[in-house]
Amino acid sequence: MPPVGAQLWRALRVHQVYGANTEVGKTILTTVLCNSAAKNWTGEQVSYLKPVSTGPQNEADDRHIETYTSNVKNETLFQYEIPASPHSAAAASSKPTPTDHELLTKINDHISHRAHQGPGWLFLETAGGVHSPGPSGTTQADLYAPLRMPVVLVGDSKLGGISQTISAFESLRLRGYDVESVLLFRDDVYENYLYLTDYFGDQHGVPVGTVALPPHRHESQASDRNNMIKYYGDMRDEPSVRDVLVRLDKRHQSRISRLGEMSTKAHRHIWYPFTQHKMVTPDSITAIDSAYGDHFQTFKPQSASPSEGAAAASPLLQPSFDGSASWWTQGLGHANPKLTLAAAYAAGRYGHVMFAEAVHEPALALTESLLSGMENPRMERVFFSDNGSTGCEVAVKMALRASRVRYGWGTDAKLGVLGLKGSYHGDTIGAMDCAEPCTFNEKVEWYEGKGFWFDYPTVNCVEGKWVVDVPEGLKADLGNGESFSSLAGVFDVKAREQVETCRKYEKYIEQTLAQLQKQGRKFGALMMEPVVLGAGGMLFVDPLFQRTLVNVVRRSPHLFSTSESTAHPSSSDNGKSWAGLPVVFDEVFTGLYRLGRYTPSSFLGVHPDVSVHAKLLTGGLVPLCTTLASESIFETFTSDDKSDALLHGHSYTAHPVGCQVAVESLQEMEKMDRSGSWDAFKTDGGWITKEELTHQRDGSRSSGSSTSHGPWSVWSYPFIDSLSHQSARVSGVWALGSVLAISLRSDDGVGYKSTAALALQARLRSGDADGRWNVHARVLGNVFYIMAGQKTTRAAIGEIEALVQEALAA
């Protein structure tokens with residue numbers, strides 16, 4: 001079932017009516033709006049939609065609309081006879097309870113049908129209050145958020161109504177709703193409207209419309225009906241109601257106009273990251289109205305005027321699957337309400353506070369959570385920064401200082417890092433210097449690559465086999481590679497360590513390090529992205545090579561210093577001190593469940609001395625980075641001289657908003673892991689049998705570790721196998737966790753400058769056959785990749801898999 005888009009149409013003004021509480025007059029005031037719209041916009045349709053209604057049919061809200069309006073089309077999608085909250089009524093009913101997606105789809109289909117009938121107004125009335133549950137139990141504020149319909153909030157005019165109205169407004173505002181107007185009864189006893197008019201006008205620039213109270217109910221049904229008919233007749237000409245509608249109309253047109261000009265203005269004034277602007281036009285810039293779950297809501301420009309019916313009836317916004325996870329940050333979905341509330345809570349409690357020699361609960365809780373989750377006995381310290389690049393700079397400062405002090409080098413010693421070809425650790429100058437010369441840095445004036453970068457075998461699925469491919473220049477040293485029937489075989493590093501391949505890896509690494517030592521080179525760190533090199537081209541490194549590299553470095557201090565007295569760590573730290581060189585893992589991209597585990601270091605079976613974490617750390621909501629370090633690294637910086645300290649920091653270090661969001665994000669992902677939220681991907685996706693899964697879970701419980709399960713992906717194994725056989729276009733494919741990477745054959749070579757993946761990218765951006773949704777993805781040269789979120793459903797993955805298959809077959 002395709003995703004549901006936000007409801008924005010050129011000629012149909014669609015608005016949602018929320019109530020500050022139940023019994024505040026939503027249906028009466030919606031009837032007033034419908035009647036006024038019908039009178040003042042003659043020739044246009046007016047529609048009323050009630051998604052869910054409870055109670056007897058003869059007392060239903062749509063019956064009220066039918067009775068007291070003329071020429072207003074009305075419909076109720078789900079009617080339950082029991083007068084209770086929709087979730088209770090649905091549960092007690094014999095009817096099937098619709099899922100949230102089914103309900104949203106029916107709403108979308110209804111509104112689409114109305115849009116095809118011509119210009120006009122549509123008012124969708126919710127049930128009860130803002131947080132009244134829908135049929136599934138999801139509160140309405142969250143349930144209807146993906147539709148992003150502008151809101152008329154019906155305020156509470158009774159005693160206590162001021163608080164209820166403001167609370168309702170804030171609940172909607174926190175979830176990204178645009179409350180365009182507040183409408184309530186003019187009750188002269190409590191006069192809530194006087195306070196609320198000033199409050200919303202002064203605080204939020206939102207106008208408040210008032211309407212006379214309806215007549216009291218009459219014992220005679222006929223008299224009551226006549227009284228209401230007269231009341232609604234009078235309200236047709238109520239100036240305040242017309243003012244509300246005029247504002248709604250202007251705001252509707254303004255929203256469309258603004259979306260239409262955003263790309264042109266952005267092209268004129270914004271300097272984009274990683275973008276060659278000579279290749280950019282306004283048409284190539286995507287205007288994003290909003291985002292929810294896995295999808296952006298992207299603007300679809302139309303040249304037609306509203307009078308040209310087909311264009312006027314087409315939605316202006318299209319759901320676009322966020323295929324790059326917004327540069328690898330998204331995990332729990334856009335506009336996740338738990339993360340939003342966590343951010344609001346911390347902002348309300350702290351704002352931002354000074355962190356040097358201070359502590360606050362979000363920072364301490366995050367520190368404890370990370371140290372526990374990593375299951376790394378070496379790690380005891382957490383340093384906070386703002387992004388992955390800065391976090392890597394911090395890590396390098398830590399490692400280089402530790403090496404210099406232990407090996408007795410002077411401050412003028414030229415130290416480099418050991419790493420892997422294709423590594424990328426960020427854009428700041430220090431982080432760039434940790435990478436070999438490449439497209440990202442070769443024209444940066446201050447760049448000086450400081451290090452040595454090993455070439456290595458890579459892994460891809462080719463013709464149904466998981467192939468460890470050795471570069472041509474290394475085959476004399478490492479052999480011709482290996483192939484495995486399963487991805488689990490590639491990651492069985494302890495078993496693979498016993499075979500000849502490992503001996504070849506060890507010899508090659510040791511000989512290379514010895515040669516570098518003879519050249520007088522000095523190194524202060526081994527720095528790697530574990531398992532996958534992201535920006536370097538989604539390169540899946542043979543995990544045995546990375547494990548062997550760490551082990552050889554740690555047992556070879558003699559290859560980094562000739563001073564025996566300083567080359568070895570203390571024997572009193574139970575093996576927690578670094579040896580050889582500090583091992584730094586840049587887990588900014590690959591960490592925190594991106595590859596299916598809390599830390600990718602568990603795939604290698606080694607613990608780093610320093611690790612860097614960002615992106616998924618906050619679920620994609622706000623920037624934050626942490627650099628974790630061992631106590632032996634930390635102690636290098638302790639002395640009586642302040643200049644020996646790690647003199648690094650930024651103004652917003654450990655900002656409480658980011659820390660609180662990170663705590664919530666980690667808790668949610670760990671809960672999903674423990675509860676088996678991804679088990680269906682593992683078993684139904686063909687990565688593991690249910691029996692094997694049970695065995696692995698038993699092993700996790702007995703060992704107390706969360707890393708006992710084998711490799712898996714949200715992308716199904718049959719899909720990967722199928723792609724691997726499309727050898728005419730695909731040279732290799734791999735999937736792990738939420739990441740899918742397809743290497744395409746290329747006439748212009750491989751690497752970042754290749755254009756081989758652009759055709760596939762363009763095809764997915766054109767969307768499904770009906771144009772209802774598309775995939776917004778980025779490429780890395782000849783590599784096309786898609787990244788799902790940790791909450792992406794199997795159904796969504798299946799639809800994308802089908803679209804990719806279709807695109808490659810074209």
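Leaving aside neighbours within four places in sequence, Leu415 is in contact (heavy atoms within 4.5 Å) with Leu400, Arg404, Trp409, Lys450, Lys522 and Gly524. The model is a predicted one, in which local features need pLDDT of at least 70 and side-chain atom pairs count only at pLDDT 80 or more, while totals for chains, interfaces and linings use all residues. Residues are numbered from 1 along each chain as its sequence is written, and side-chain values use heavy atoms, with hydrogens and water left out.

Leu415 belongs to strand E12, residues 415-420; helices (H or I, at least four residues) and strands (E, at least two) are DSSP runs numbered from the N terminus. Because its relative accessibility is 14%, Leu415 counts as buried, a class that means under 20% relative accessible area, with exposed over 50% and partly exposed in between (1.4 Å probe, protein chains only). One of its contacts, Lys522, is 107 residues away along the chain, and yet the two C-alpha atoms are separated by 5.2 Å.

Thr626, placed in strand E22 (residues 625-630), also counts as buried, because its relative accessibility is 0%. Neighbours within four places in sequence aside, the residues in contact with Thr626 include Leu366, Leu370, Val382, Phe383 and Phe384, and also Ser611, Val612, His613 and Leu617.

We turn next to a sheet. Strands of a sheet pair through backbone hydrogen bonds, either parallel or antiparallel. Here an open sheet of 4 strands runs in the order E8-E9-E10-E25 with mixed pairing, where two strands pair if DSSP finds at least two bridges between them. Strand E8 (288-292) and strand E25 (774-776) stand at the edges with a single partner strand each, so one side of each has no neighbour in the sheet. On average, and with direction ignored, neighbouring strands of this sheet are turned by 35° against each other; axes are lines fitted to C-alpha atoms, for helices over the stretch in contact, and angles run from 0 to 180 degrees between N-to-C directions. E8 and strand E9 (residues 295-299) run antiparallel and are joined by 4 bridges, and Tyr292 stands opposite His295 in E9. Helix H9 (residues 239-269) packs on the sheet, where it touches E8, E9 and strand E10 (317-322), and its direction makes about 90° with that of E9.

Finally, Tyr190 lies in the loop between strand E6 (179-185) and helix H7 (192-204), and counts as partly exposed because its relative accessibility is 41%.
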